[in-house]
Number of protein chains: 2
Amino acid sequence: MGAWQHDAVSFPDAVALLALTPLFQGAGREQLTALAGRARFRRYDTHDAVFRAGDAADTLSVVARGSVRVYRAGPGGREFTLGIEGPRQMLDLAAVLDSAGRHTAHAHALGEPTQLLSVPADLARHIILHTPALAGAVITHLARREADGQRRLDALVFSGVGARLAAYLLDHAGAPHALPRNSELAALLGTVPEIVSRKLGEFYRLGWIDLARRTVTVMNPAELQRVVTGD
Amino acid sequence: MGAWQHDAVSFPDAVALLALTPLFQGAGREQLTALAGRARFRRYDTHDAVFRAGDAADTLSVVARGSVRVYRAGPGGREFTLGIEGPRQMLDLAAVLDSAGRHTAHAHALGEPTQLLSVPADLARHIILHTPALAGAVITHLARREADGQRRLDALVFSGVGARLAAYLLDHAGAPHALPRNSELAALLGTVPEIVSRKLGEFYRLGWIDLARRTVTVMNPAELQRVVTGD
DNA sequence: CGATATTTTGAGTAGCGTCAAGATCTGTGG
DNA sequence: CCACAGATCTTGACGCTACTCAAAATATCG
């Protein structure tokens with residue numbers, strides 16, 4: 001568990017953060033102050049658990065600094081990453097909004113000292129439901145996530161690791177991009193680190209990507225795209 | 001495309017159907033009549049397309065009779081079933097509620113002559129957003145679907161076809177259950193018909209299920225459960 | 001009873017996961 | 001700046017699962 005702190009500066013910071021959060025764009029000052037009034041900052045060190053599957057989803061958290069990885073755990077220590085949420089993103093909104101909600105995934109802090117702002121779930125729920133603009137934003141957000149989820153499902157069903165890795169590379173490599181560890185990539189793609197290593201090596205040998213000290217550059221987007229599409 | 005009809009009896013029928021739809025439980029008479037006033041019934045024969053990926057999601061449809069399979073198409077004619085919606089269920093709610101929405105999946109009618117009630121998307125959206133009880137129901141619904149989607153994702157990542165089939169059997173076989181075609185099962189589980197056939201045969205030979213004329217009965221739930229969990 | 005669809009089964013293949021060893025990287029303390 | 005320890009990456013060898021293609025068996029329906 002991470003240490004948490006709540007100091008005098010919290011309140012204005014909380015209002016400012018909430019005001020910048022995409023999902024709370026439609027909120028008025030009144031709602032923001034109500035939320036901020038019961039909000040608390042917490043700080044987490046890298047790898048601290050933010051929540052675990054089975055925990056009651058009684059607070060809605062917004063990332064203030066750092067990032068949080070939400071994942072499911074499988075047998076043999078394998079993990080599957082559902083998402084990595086950075087600043088201004090919310091954690092497991094779905095579980096929090098489902099009134100009987102329990103978290104169905106684990107989440108832990110990544111990278112830099114991570115700071116989250118948490119507000120009680122029932123308050124967040126109440127305010128969201130009674131502010132049409134917020135409800136609309138939340139619904140749009142959940143709808144998009146469902147579409148994303150469907151895309152991920154059929155990537156798993158219809159295509160192989162090579163295709164999923166190629167898609168990742170095309171997404172994240174307009175500019176040269178610092179690759180995460182192979183184990184993180186594997187968790188993102190639904191495979192194991194060894195396979196990621198082999199596929200990366202393969203793309204490199206084909207000259208489709210350049211790879212130096214964990215920095216990747218896409219050299220041949222067209223060929224990668226062909227792999228995504230399915231040879 | 002299916003033939004459609006709109007007759008004099010439509011309106012009261014539409015109000016009645018909407019009133020029974022789980023998602024519209026929170027709607028008042030006023031909202032129901034507004035929706036029903038612009039609703040139209042359409043009838044589809046088996047295999048008629050209800051919508052296709054890429055179509056504008058400009059109407060929200062509720063199943064009145066029959067059922068509709070929503071699926072994504074992969075290479076080589078393979079399909080992956082996202083869901084089968086029966087009476088009082090809504091079709092691809094997520095796409096309809098995402099304002100810029102286009103359908104990202106295909107849908108076609110199944111079984112009996114299928115009848116759908118469709119209301120314009122913008123009207124549905126407007127009414128939902130301005131009725132807190134409705135917004136709440138929609139949000140809860142989308143949240144549950146996200147949880148379902150996550151469960152399906154990790155079933156694909158962490159377990160094999162055998163485990164997914166066993167889970168299906170345990171879900172649908174309190175009572176003896178009429179199995180769908182192997183191709184439908186395959187689309188549901190993310191595999192191909194041949195594998196479904198083999199796995200069913202295997203469970204049968206082990207005595208875990210009984211299988212006669214496409215009617216399956218679970219004989220040994222404990223062993224099937226072990227397969228789901230992961231040996 | 002015949003025609004067609006569906007299921008079953010066999011045989012071959014490709015992709016992925018596992019295990020284990022070796023190579024490379026990273027950070028630390030001397 | 002170097003040496004060392006621990007982590008991470010790479011690579012090989014192997015087995016298993018699932019997919020493909022094709023043919024035979026069975027079921028379904030008129």
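1. Let's start at the DNA: a polar side-chain atom of A:Arg198 lies 2.8 Å from a base oxygen of DNA strand D. That is a polar contact, meaning a pair of N or O atoms within 3.5 Å; within protein, one must be able to donate a hydrogen and the other to accept it, and residues adjacent in sequence count only if both atoms are side-chain atoms. Helix H8 (193-205) of chain A and helix H8 (193-205) of chain B are the elements that give two or more residues to the surface near DNA strand D. Helices here are DSSP runs of H or I with at least four residues, strands are E runs of at least two, and both are numbered from the N terminus.

2. A word on what you're looking at. This is a predicted model, where local features need pLDDT of at least 70 and side-chain atom pairs count only at pLDDT 80 or more, while totals for chains, interfaces and linings use all residues. Residues are numbered from 1 along each chain as its sequence is written, chains are lettered from A and ligands numbered from 1 in the order in which they are written, and side-chain values use heavy atoms, with hydrogens and water left out.

3. Back to the DNA. Chain B touches phosphate too: a phosphate oxygen of DNA strand D is 2.3 Å from a side-chain N or O atom of B:Thr191, and one is 2.6 Å from a polar backbone atom of B:Val161. In total, 17 residues surround DNA strand D, counting those with a heavy atom within 4 Å of it.

4. Now chain A as a whole. It has nine helices and eight strands, and 51% of its 231 residues count as buried. Buried means under 20% relative accessible area, exposed over 50%, and partly exposed in between (1.4 Å probe, protein chains only).

5. Which residues of helix H2 (residues 29-37) of chain A are buried? They are A:Gln31, A:Leu32, A:Leu35 and A:Ala36. Down the axis of H2(A), the buried residues fall within an arc of 130°, so they line one face of the helix; the arc is that of the directions from the helix axis to the C-beta atoms. On the other side of H2(A), A:Arg29 and A:Glu30 are exposed.

6. One last thing to click on: A:Arg69 lies over the face of A:Tyr71, 4.4 Å from the ring centre. For such a charge, NZ of Lys or CZ of Arg must be within 6 Å of the ring centre and within 35 degrees of the ring normal.
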